[in-house]
Amino acid sequence: MLSISGVTKRYGKTVANDNISFAVGDGQIGILLGPNGAGKSTIIKCITGLLRFSGRIEVNGFVNTSIDAKAQLGYIPEMPAVYDLLTVSEHLEFIRRAYKIQDTAYEEQLLERLELADKKNKLGKELSKGMQQKLSICCALVHRPRVAIFDEPLVGLDPHAIKELKEIFRELKAEGCSVLISTHMIDSVEDYWDVANIMMNGRFAATKLNDGAGGQSLEELFFQITEGAPAPAEG
């Protein structure tokens with residue numbers, strides 16, 4: 001479970017996150033929606049321990065900056081950051097050694113699904129941005145995290161990789177993992193989310209549960225909040 005309580009992040013006089021609280025339970029997929037600059041990436045970086053903040057964040061009951069929390073956390077950043085002079089195989093070996101993983105079966109499965117199996121000997125600097133993103137996903141998931149954080153994960157991926165990653169989202173959910181996906185692309189989250197939080201100006205403007213109760217769609221709610229009016233009708 002991922003728990004965020006009263007998190008505030010300031011850059012000087014600018015408040016990027018203003019007293020944010022939410023949770024993503026075991027086997028849930030939570031969505032952070034919002035326009036660029038809404039504060040989504042800031043709260044993601046707070047969760048992953050990359051930024052200092054006031055408030056409290058816990059990963060399965062452990063403070064997010066602790067070793068116990070980091071051992072259960074997987075993070076796919078918005079911009080992939082791979083090592084130029086490590087091969088694809090060496091990236092994954094580095095992660096396996098860090099987490100003391102002996103079995104390579106899941107690693108091989110990820111590489112096959114994301115079409116990187118034939119790129120094992122390529123250096124990080126030789127990979128396209130899309131392939132770097134795929135490698136970043138493999139590195140974040142190879143230790144089978146219990147909480148997985150994705151920041152704009154579909155950007156730069158080819159259609160096959162997008163299809164596979166969406167299936168991976170569903171698999172993580174089925175395995176009881178807590179999944180948090182930050183995006184500004186509503187159509188990319190489709191119907192597999194459980195709770196969506198819409199951010200504006202560093203705050204949550206609305207929270208919507210995907211409980212099948214009908215009523216206003218997520219897209220309609222998003223446009224009502226971000227543009228002050230319902231989404232335009234199609235056709």
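User: Where does Asp 84 lie?

Analyst: Asp 84 sits in the loop between strand 6 (73-76) and helix 3 (88-98). Keep in mind that this is a predicted model.

User: Is Asp 84 buried, exposed or partly exposed?

Analyst: Start from the relative accessible area. Asp 84 has 45%, so Asp 84 is partly exposed.

User: Which residues does Asp 84 touch, leaving out those up to four places away in sequence?

Analyst: Asp 84 touches Leu 123, Gly 124 and Lys 125.

User: Now Lys 134. Which element holds Lys 134?

Analyst: Lys 134 belongs to helix 5, residues 129-141.

User: Why is Lys 134 called buried?

Analyst: Buried means under 20% relative accessible area. Lys 134 has 6%, so Lys 134 is buried.

User: What does the side chain of Lys 134 reach?

Analyst: The side chain reaches the backbone oxygen of Leu 114, at 3.3 Å.

User: How should I read aromatic pairs?

Analyst: A pair of aromatic rings is described by the distance of the centres and the angle of the planes. In this model the count is five aromatic pairs. Take Phe 22 and Phe 204. Their ring centres are 5.3 Å apart and their planes are at 55°, so this pair is tilted. The pair links distant parts of the chain, 182 residues apart. Phe 22 is in strand 2 (residues 14-24), and Phe 204 is in strand 10 (residues 203-209).

User: What kind of pair do Phe 150 and Phe 169 make?

Analyst: Their ring centres are 4.9 Å apart and their planes are at 80°, so the pair is edge-to-face. Phe 150 lies in strand 7 (residues 147-151) and Phe 169 in helix 6 (residues 159-174), so the pair ties together parts 19 residues apart in sequence. Phe 150 is buried, with 0% relative accessible area. Phe 169 is buried too, at 0%. Phe 150, Phe 169 and Tyr 192 form one aromatic cluster.

User: How is empty space found?

Analyst: Rolling a probe the size of a water molecule over the atoms shows where empty space is left. Here the count is one cavity of 30 Å³ or more. The largest cavity has a volume of about 40 Å³.

User: Which residues line the largest cavity?

Analyst: Phe 169 and Tyr 192 are among them, along with Glu 152, Pro 153, Leu 154, Ile 181, Thr 183, Met 185 and Ser 188. The lining divides into six nonpolar, two polar and one charged.

User: What about the largest pocket?

Analyst: The largest pocket has a volume of about 660 Å³. Its lining has 21 residues, of which Tyr 75, Ile 95, Tyr 99, Cys 139 and Ala 140 lie nearest the centre. Strand 6, helix 3 and helix 5 are the elements that give two or more residues to this lining. By class, the pocket lining has 15 nonpolar, five polar and one charged.

Notes
Residues numbered from 1 in each chain as written. Predicted model: local features only at pLDDT ≥ 70, side-chain atom pairs only at ≥ 80, totals over all residues. Heavy atoms only, no water. Helix = DSSP H or I, 4+ residues; strand = E, 2+ residues; numbered from the N terminus. Buried < 20%, exposed > 50% of the residue type's maximum accessible area, 1.4 Å probe, protein only. Polar contact = N/O pair within 3.5 Å; in protein donor to acceptor, adjacent residues only side chain to side chain. 1 Å grid on protein atoms, 1.4 Å probe; cavity = no way out; pocket = protein on both sides within 12 Å on 5 of 7 lines; lining within 4 Å. Points joined across faces, edges and corners; volume = space filled by probe spheres on them. Nonpolar A, V, L, I, M, F, W, Y, C, P; charged D, E, K, R; others polar. Phe/Tyr/Trp six-rings, centres within 6.5 Å; stacked < 30°, edge-to-face > 60°. Contact = heavy atoms within 4.5 Å.
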